[in-house]
Amino acid sequence: MLCSTIRQILLNTQKEYGSEDAVRYKIAKNTIEAKTYTQLREDSESFSCALSALGEQGSHVAVIGATSYPWLVAYFGTVNCGSVAVPLDASLPAEELCELIDRADVTVLVLDEIRKDVGAIVKERCPKLKYLISMQKKESGEEALSFWQLLREHRGACDYEPEPDKLCTILFTSGTTGKSKGVMLTQRNLAENATCLDMKIPPRTVILSVLPIHHAYCLSMDILKGISLGSVICINDSLLRVAKNIKLFQPNMILMVPLMIETMAKKLEEVSGLPAALVKRQVFGKQFHTICSGGAYLPPAMIDLFGRYGITILQGYGMTECSPVISTTVSWNIRKESVGQILPNCEAKTVDEELWVRGSSVMLGYYKMPEETAETLVDGWLRTGDLGYVDEDGFVYLTGRKKNLIITKNGENVSPEELENKIGENRLVQEILVREKEGVIEAEIYPDYEYAKKKHIKDIRAALQQIIDDYNQGAPAYKKVYSLKVRETEFEKNTSRKIKRY
Amino acid sequence: MFEQLVTIICNYVEVEPENVHPESRFMEDLGFTSFDFMSMLGEVEDEFDIEIDEHEAANIRTVGEAVEYLEKLQAEA
């Protein structure tokens, strides 16, 4: 059923499946705890009441942490009372998180204690922040309020009806200039993206959620679509334990990025001599049937390989700026070379080979970045930066990228300029170009040979590797540089003296 | 520990056991992806009956560092 607000999604499902499990998660090695749809609704409404009592209804609320029940309660409690949720990447360095909190005008931060280093500096770095709420602390104190105590103290219903076209979520995504951009999404953007297409996924489907929740793809498809279908959302506690958690939670479906699918493919190929049905039962369980793939390019051979084990891969395509799904494959109409059919709430056209899309899931714009917004949104059309076209049946085909953005196999967007600026700060680096090569990020550097001579640096390669190692130390895994190429000549430049990228 | 780890490593990447050394780097030299690495550690948890911290593991770069980290966990267990 098409819903135009996130509240409508939760309420519809709670009415139908109130006493059934909504979320399952591990509390010890092999022990699972569950929360029902009614509990999720009640707890999130209590969180809304708490925000209102703090005088923060309508404010910007950042959430930092891995996927967890409190994360979900904080998210729904925030957006369902007309406030704006700002989910942030829990793997970013503390300084960077503080910069984003400040830039997004956040006044309330809900923090998982895994990032207590952020809690230690955030009040000093972010003067606009008024409240720090800890997901784990049992009692409120001077340092931080307790999430659970807030829920207890403000237990109650919230009947606020959010307006569909109001901003409800800001998601940060890598920008081409090196500075990440806050994508502003409305209730309608997200709710219609999750509910406009009937993918014939049966109710009570068990989903194992393995992707980071600050990603639009996980938030929209695992959580919002999952809830709209009355699914059971099982939380994977660590990427180390996907295989074990598949056995524990026995899911029917998992959303993955191509990187994960390729690792699983290697394991399947290793036992290719064994009967397919046996392998499938051992690895995924009898009940497992579907993988949804998104975030990056998936080699079509994967669809055939998993097909041999009775597993359907449904490939999708999108970007945060479109909440995020633009097209998806459905199980009854698969074309392997395509990234699926365009969603019913979206239309597309090709302008100078670039794919442009328009519809109810296209963002409002980038938060406080009017220039970048004007470059990306043209008369209501979103310039995707991808080269491609849509055929007469609505299937989308991608042929390349227009922007410099690197899309890693795990779907993370990395701005090469951001890395070039950081590594290029060292005097030894005269010119640098960062790109993706064979699945990893490569930095090609033209060193300042004069400077090296002056400083008596004999092994220039080792010195450059040290610079890369130092940079990698503070960088999240997906931004680490794993390949170094040293140049003896300057890069070729275009007429405006910029390095030619390709 | 080193030999057992090499056996597991060779299940994830196409490399001969004799070409895996303590100084081999998982990503750069052995061709691991970040998810290959995580999945392998999941297997190592079962094999050695230990619990690995995902965040600590993110700092491991070479096979030698992995052995050192795993031995430390085993000693604590």
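Predicted model: local features only at pLDDT ≥ 70, side-chain atom pairs only at ≥ 80, totals over all residues.
# Chatting through the helices and a sheet

Biologist: OK, which residues of helix 9 of chain A are the buried ones?

Modeller: They are A:Val242, A:Asn245, A:Ile246 and A:Phe249. Looking down the axis of helix 9 of chain A, you'd find them within an arc of 110°, so they line one face of the helix.

Biologist: Why would a helix do that with residues spaced along the chain?

Modeller: An α-helix has 3.6 residues a turn, so residues three or four places apart point the same way.

Biologist: And what comes after helix 9 of chain A?

Modeller: A:Gln250 follows helix 9 of chain A, and its phi is positive, near 50°.

Biologist: New topic: helix 5 of chain A. Which residues are buried there, and which are exposed?

Modeller: A:Val118, A:Gly119 and A:Val122 are the buried residues of helix 5 (residues 116-125) of chain A. They cover an arc of only 100° around the axis, which puts them on the same side of helix 5 of chain A. On the other side of that helix, A:Asp117, A:Ala120 and A:Glu124 are exposed.

Biologist: What do the buried residues of helix 5 of chain A pack against?

Modeller: Strand 3 (60-64), helix 4 (94-103), strand 5 (106-111) and strand 6 (131-134), which belong to chain A.

Biologist: Now some helix pairs. How do helix 7 and helix 8 of chain A cross?

Modeller: The axes of helix 7 (residues 187-195) and helix 8 (residues 216-228) of chain A come within 9 Å and cross at roughly 70°. These two helices of chain A are therefore roughly perpendicular to each other. Helix 7 of chain A brings A:Leu190, A:Ala191, A:Asn193, A:Ala194 and A:Thr195 to the contact, while helix 8 of chain A brings A:Ser220, A:Leu224, A:Lys225 and A:Ser228.

Biologist: And what about helix 1 with helix 7 of chain A, at what angle do they pack?

Modeller: About 45°, with the axes of helix 1 (residues 6-17) and helix 7 of chain A 8 Å apart. That pair is therefore oblique. A:Ile6, A:Gln8 and A:Ile9 of helix 1 meet residues of helix 7 including A:Leu190 and A:Ala191.

Biologist: Last one, the three-stranded sheet. What's the strand order?

Modeller: In chain A the order is 25-26-27, in an open sheet with mixed pairing. Strand 25 (429-437) and strand 27 (483-486) of chain A stand at the edges with a single partner strand each, so one side of each has no neighbour in the sheet. The twist averages 20° from one strand to the next.

Biologist: How many bridges join strand 25 to strand 26 of chain A?

Modeller: Eight, and the two strands run antiparallel. A:Glu436 stands opposite A:Ile441 in strand 26 of chain A.

Biologist: Which helix lies across strand 25, strand 26 and strand 27 of chain A?

Modeller: Helix 16 (residues 460-474) of chain A, running at about 145° to strand 27 of chain A.

Definitions and conventions: Residues numbered from 1 in each chain as written. Chains lettered and ligands numbered in written order. Pairing = 2+ DSSP bridges. Helix = DSSP H or I, 4+ residues; strand = E, 2+ residues; numbered from the N terminus. Axes fitted to C-alpha atoms, helices over the stretch in contact; angles between N-to-C directions. Contact = placed C-beta atoms within 7 Å. Buried ≥ 20, exposed ≤ 12 C-beta atoms within 10 Å, placed from the backbone. Arc of directions from axis to C-beta. Parallel < 35°, antiparallel > 145°, perpendicular 65-115°, else oblique.
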